[in-house]
Amino acid sequence: MKEYSCEGLIVRWNPEKCIHAKECVNGLPQVFNHDSRPWINMQGASPAQIMKVIDRCPSGALTYQEKAPESSEKNASNERYASIRVVKNGPLLVEGDCRLFNSDGNEMAEGAFALCRCGASRKKPFCDGSHTKIGFHDPE
């Protein structure tokens, strides 16, 4: 887990959950740029703009927490019930208040994450974007 901050906002990135959907890079390239180090430039946009783009992260790899003492709000998807959405030709997106445990009972993930459906991920049970590389398609 990597953490980036600016006045009023903390952004956390969990590379193990990232499926490289590029919602962040396409949404705010001046903030999220894989060719730069660090790859997240918190000065590239306002906290409100950054939060709006992070809310579109399908895997939950990017989350945020507002620093303002009057707000205890985290990423809004963490505050609702869990839901699972099938992405056409892609992963299962788990959103909301959910925890995933391995066969030994150890917690593997919390909150939003993407689960592999194609079987090609090197980060199973999590999606790593391999479905795109292998040309995975849903049955007709």
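Trp39 is buried, at 6% relative accessibility, where buried denotes under 20% relative accessible area, exposed over 50% and partly exposed the range in between, computed with a 1.4 Å probe on protein chains only. The structure is a predicted model, in which local features need pLDDT of at least 70 and side-chain atom pairs count only at pLDDT 80 or more, while totals for chains, interfaces and linings use all residues. Residues are numbered from 1 along each chain as its sequence is written, and side-chain values use heavy atoms, with hydrogens and water left out.

A search of the whole structure returns three aromatic pairs, a pair being defined by rings of Phe, Tyr or Trp (its six-membered ring) whose centres lie within 6.5 Å, with planes under 30 degrees apart classed as stacked, over 60 as edge-to-face and the rest as tilted. In one of the pairs, the ring centres of Phe32 and Trp39 are 5.7 Å apart and the planes stand at 50°, so the pair is classed as tilted. Phe32 is likewise buried, with a relative accessibility of 1%, and together with Trp13 and Trp39 it belongs to one aromatic cluster.

Phe113 and Phe126 form an edge-to-face pair, with 6.1 Å from centre to centre and 90° between the planes. Because Phe113 lies in strand 8 (residues 113-115) and Phe126 in the loop between strand 8 and helix 3, this pair ties together parts that are 13 residues apart in sequence; helices (H or I, at least four residues) and strands (E, at least two) are taken as DSSP runs and numbered from the N terminus.

Once its neighbours within four places in sequence are set aside, Ala120 is in contact (heavy atoms within 4.5 Å) with Ser130 and Ile134. Ala120 and Gln43, which are 77 residues apart in sequence, lie 37 Å apart in space, C-alpha to C-alpha. Ser130 itself is part of helix 3 (residues 130-134) and is buried, at a relative accessible area of 6%. Beyond residues up to four places away in sequence, Ser130 touches Cys118, Ala120 and Ser121. The side chains of Ser130 and Asp128 are joined by a polar contact of 2.5 Å, a polar contact being a pair of N or O atoms within 3.5 Å, of which, within protein, one must be able to donate a hydrogen and the other to accept it, residues adjacent in sequence counting only if both atoms are side-chain atoms.

Three strands make up an open sheet in the order 1-2-3, with antiparallel pairing, two strands being paired if DSSP finds at least two bridges between them. Strand 1 (2-6) and strand 3 (62-66) stand at the edges, each with a single partner strand, so one side of each is left without a neighbour in the sheet. Strand 1 and strand 2 run antiparallel and are joined by five bridges, and here Tyr4 has Val11 in strand 2 as its bridge partner. These two strands form a hairpin with two residues between them, and Gly8 in the turn has a positive phi of about 90°. The loop between strand 1 and strand 2 also contains Glu7, which is exposed, with a relative accessible area of 77%. Although Glu7 and Ser46 are 39 residues apart in sequence, their C-alpha atoms are 9.7 Å apart in space. Strand 2 (residues 9-13) pairs with strand 3 in the antiparallel sense, again over five bridges, and Leu9 stands opposite Glu66 in strand 3.

In helix 2 (residues 47-54), the buried residues are Ile50, Met51, Val53 and Ile54. Viewed down the axis of helix 2, these residues fall within an arc of 165°, so they line one face of the helix, the arc being that of the directions from the helix axis to the C-beta atoms. The exposed residues Ala48 and Lys52 are carried on the face of helix 2 turned away from its buried side. The buried residues of helix 2 pack against strand 2, helix 1 (23-27) and strand 3.
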